[in-house]
2 protein chains.
Amino acid sequence: MGGDRAPDIVVEGLSLSLKRHPAVRFILFGQAAQLEPLLDRYPDVRAAAEVRDAVGVIGSGERPSIALRSGRNSSMRRAIDVVARGEAAGVVSAGNTGALMAMAKHVLKTLPGVDRPAIAAMFPTMRGQSVILDLGANVECDADNLAQFAVMGEVFARKVIGLEKPSVGILNVGQEHLKGNMAVKKAAAILQDCDLSISFHGFVEGDDIGAGTVDVYVTDGFTGNIALKTAEGTARLYTHILGSALRFNWRSRLGALLIAPALRKMRSRVDPRSYDGAIFLGLNGVCVKSHGGTDAVGFANAMKVAVELIADRVNEGIKEDFCRLYAGRAVGPELALG
Amino acid sequence: MGGDRAPDIVVEGLSLSLKRHPAVRFILFGQAAQLEPLLDRYPDVRAAAEVRDAVGVIGSGERPSIALRSGRNSSMRRAIDVVARGEAAGVVSAGNTGALMAMAKHVLKTLPGVDRPAIAAMFPTMRGQSVILDLGANVECDADNLAQFAVMGEVFARKVIGLEKPSVGILNVGQEHLKGNMAVKKAAAILQDCDLSISFHGFVEGDDIGAGTVDVYVTDGFTGNIALKTAEGTARLYTHILGSALRFNWRSRLGALLIAPALRKMRSRVDPRSYDGAIFLGLNGVCVKSHGGTDAVGFANAMKVAVELIADRVNEGIKEDFCRLYAGRAVGPELALG
């Protein structure tokens, strides 16, 4: 029931998703009265789905703490519950991000050794695509949080994007090792010294995001959220400027017609819907958040991300790497800081 | 002597600057042997400039603390010294940002009530242009620092951009007042309660930067640096993608020819050189940093920013507003936090 155009685009998105992954089966939580007519329109989804009536809906403005306390009968909570019970392999929602994270953390718990789950997403770069985390789950992060994000992001890039040896960078205000705050400096030290064979590139800067200098960008949730949204806003500004140029006079309108096919082709590379699906990494279960304003294509992409997280056993990979991250140390973060 | 192509582009930039501001006079600090042949090429600059031989040069990789201790005979330090002595009204440099800030802070000191100077810059938006600060002078900021940046940025937007009532926003991970860390929440409270008639918009997000939702974006130096560089990187990515589309096949190449004039016109609106000139706000003197990789056009723009800061008496405006920011309070920041 979450997102601006739910449940319509969810059911339509599932239909698209079935074309890509015909074997996937769904448990749909929501108001049956709204879902039934939609399933009449998409018999393929009906055949693959079981509907469980859920009266409650978490509003997009609901505070996570309130959602956690009083949202036990919401579609969102019940969808998370079936993952915890092992009835479903993962949950996908286009609803309230904060509520989804709070409830998923409470119900699914974190993987062993993970202090805080992070929100990760893929985005287009000059070189292809990269991953960035955290995007807002943690507005304040210490060195251990950042180092753990690095490990989780690296596993994701290796298993889901399929890179053999993904490079990892920590976002900072300069590349020199003296730059930045204590958290990034200590996190860099942890990654340099740890037993994992992570290809740690060192510090990267904001303009490295578009350049695709590394495969995994690690940052705190405050900076990551603002950086990724800044990139989105800048993309809109440039699209707007190009649009104005193409409508400028008869000559540029004619030119616009000629370049339209090539432009469409290039734009598809940076279509936000192709990057829909924010991944909650570090939870003991798969949880993917589709964009609140998404459409069926975007939601189907979020589904694809969830299917890949499950099929590629990302959480198993994180568990293995966390054992090695803290190997030889009594236990966990405090000691890792040395 | 600072910047990748100094002193050539500096002298060439001064020539461009003289066309815009014929009354401005320069004191040029640098290696006379290098400067003299350049001044032969630009007699207009020679007529308006006095050369003072400075043997030392601060390297672009020099640590600010080292520059501060051992750079007393550098061109950069001596240019700052003449501002402190009142011989010059302001200093412009394309050199090492950290060293320039450290030396300017040490020599010029801060304006009364200003705890920390900030680096501000203008940038293009959907609506025109806006200001953002801090861009890296302070990697960690408390609520008072942010509130002070807001006041300084507002004065700048009012006096230099010429806006009657500039709107001010604090960058955050959401617009709701419950979002974010303590520093942004407390800074918002200070701005809402203070005696200044600042048009405080509240929290803004990363995508508001490109949209131009407010005139002044306030943030800590870590986030601001990464956000602005992310915008630059994204701009390069989109320019790259458009370039690929325009070269895609004969049809798009022909289209490219047709849209070229309109595109040039539109692109000039977002030309980074038009936004060259990072402003060190809060110092007791005018100090402007031109981009290290700038050319003559960019350097001339940084000169324009410095001339405007002086002519529009921005520092006088900051002094006045700081008196009112702390009016009725014993003195300064600690009490302002309540």
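Visitor: What makes strand β4 and strand β9 of chain B a pair, and in which sense do the two strands pair?

Guide: The model is a predicted one. Two strands pair if at least two bridges are found between them. Strand β4 (residues 118-124) and strand β9 (residues 278-281) of chain B are joined over 3 bridges, in the antiparallel sense. The two strands therefore meet the criterion of at least two bridges.

Visitor: What makes both faces of β9(B) covered?

Guide: Ala278(B) and Phe280(B) lie on one side, Ile279(B) and Leu281(B) lie on the other, and all of them are buried. This arrangement may be read with a general rule in mind: in a regular strand the side chains alternate between the two faces of the sheet.

Visitor: Why are β3 and β7 of chain A said to stand at the edges of a sheet?

Guide: In chain A, 8 strands form an open sheet in the order β3-β10-β9-β4-β5-β8-β6-β7, with mixed pairing. β3 (90-93) and β7 (199-204) of chain A each have a single partner strand, so one side of each is left without a neighbour in the sheet. From one strand to the next, the twist averages 25 degrees.

Visitor: What is the sense of the pairing between β3(A) and strand β10 of chain A?

Guide: β3(A) and strand β10 (residues 286-289) of chain A pair in the parallel sense, over 4 bridges. Within this pair, Cys287(A) of β10(A) is the bridge partner of Val91(A).

Visitor: Which helices of chain A lie across strands?

Guide: Among them is helix α7 (residues 143-161) of chain A, which lies across β4, β5 (129-133), β6 (167-171), β8 (216-218) and β9 (278-281) of chain A and runs at about 165 degrees to β8(A). Helix α8 (residues 182-193) of chain A lies across β6 and β7 of chain A, at about 165 degrees to β7(A).

Visitor: Which residues of helix α5 of chain A are buried, and against what do they pack?

Guide: In helix α5 (residues 75-84) of chain A, the buried residues are Ser75(A), Met76(A), Arg77(A), Ala79(A), Ile80(A) and Val83(A). The buried residues of α5(A) pack against β1 (26-30), β3 and α6 of chain A. Just after α5(A), Gly86(A) takes a positive phi of about 85 degrees.

Visitor: Why is Thr110(A) called partly exposed?

Guide: Thr110(A) has 17 C-beta neighbours inside 10 Å. A residue with 20 or more is buried and one with 12 or fewer is exposed, so a value in between counts as partly exposed. Thr110(A) is found in the loop between α6 (97-108) and β4 (118-124) of chain A. Thr110(A) and Gly282(A) are 172 residues apart in sequence, and their C-alpha atoms are 5.6 Å apart in space.

Visitor: How do you know that chain A and chain B are related by a two-fold axis?

Guide: Chain B can be laid on chain A by a turn of 180 degrees with a shift of 0.0 Å along the axis, and the RMSD is 0.0 Å. That is the relation of a two-fold axis. In chain B, the C-alpha nearest the axis belongs to Gly255(B), 1.9 Å from it. The same surface serves both copies, as 100% of the contact residues of chain B recur in chain A.

Visitor: How many residues does each chain bring to the contact, and which element of chain B gives the most?

Guide: The contact takes 55 residues from chain B and 55 residues from chain A. On the side of chain B that touches chain A, α10(B) gives the most, with 23 residues. The residues of that side divide into 28 nonpolar, 17 polar and 10 charged.

Notes
Residues are numbered from 1 along each chain as its sequence is written. Chains are lettered from A and ligands numbered from 1 in the order in which they are written. This is a predicted model: local features need pLDDT of at least 70, side-chain atom pairs count only at pLDDT 80 or more; totals for chains, interfaces and linings use all residues. Copies are superposed by least squares on the C-alpha atoms of residues with pLDDT of at least 70 in both. Two residues are in contact if their C-beta atoms, placed from the backbone, lie within 7 Å. Ala, Val, Leu, Ile, Met, Phe, Trp, Tyr, Cys and Pro count as nonpolar, Asp, Glu, Lys and Arg as charged, and the others, Gly among them, as polar. Axes are lines fitted to C-alpha atoms, for helices over the stretch in contact, and angles run from 0 to 180 degrees between N-to-C directions.
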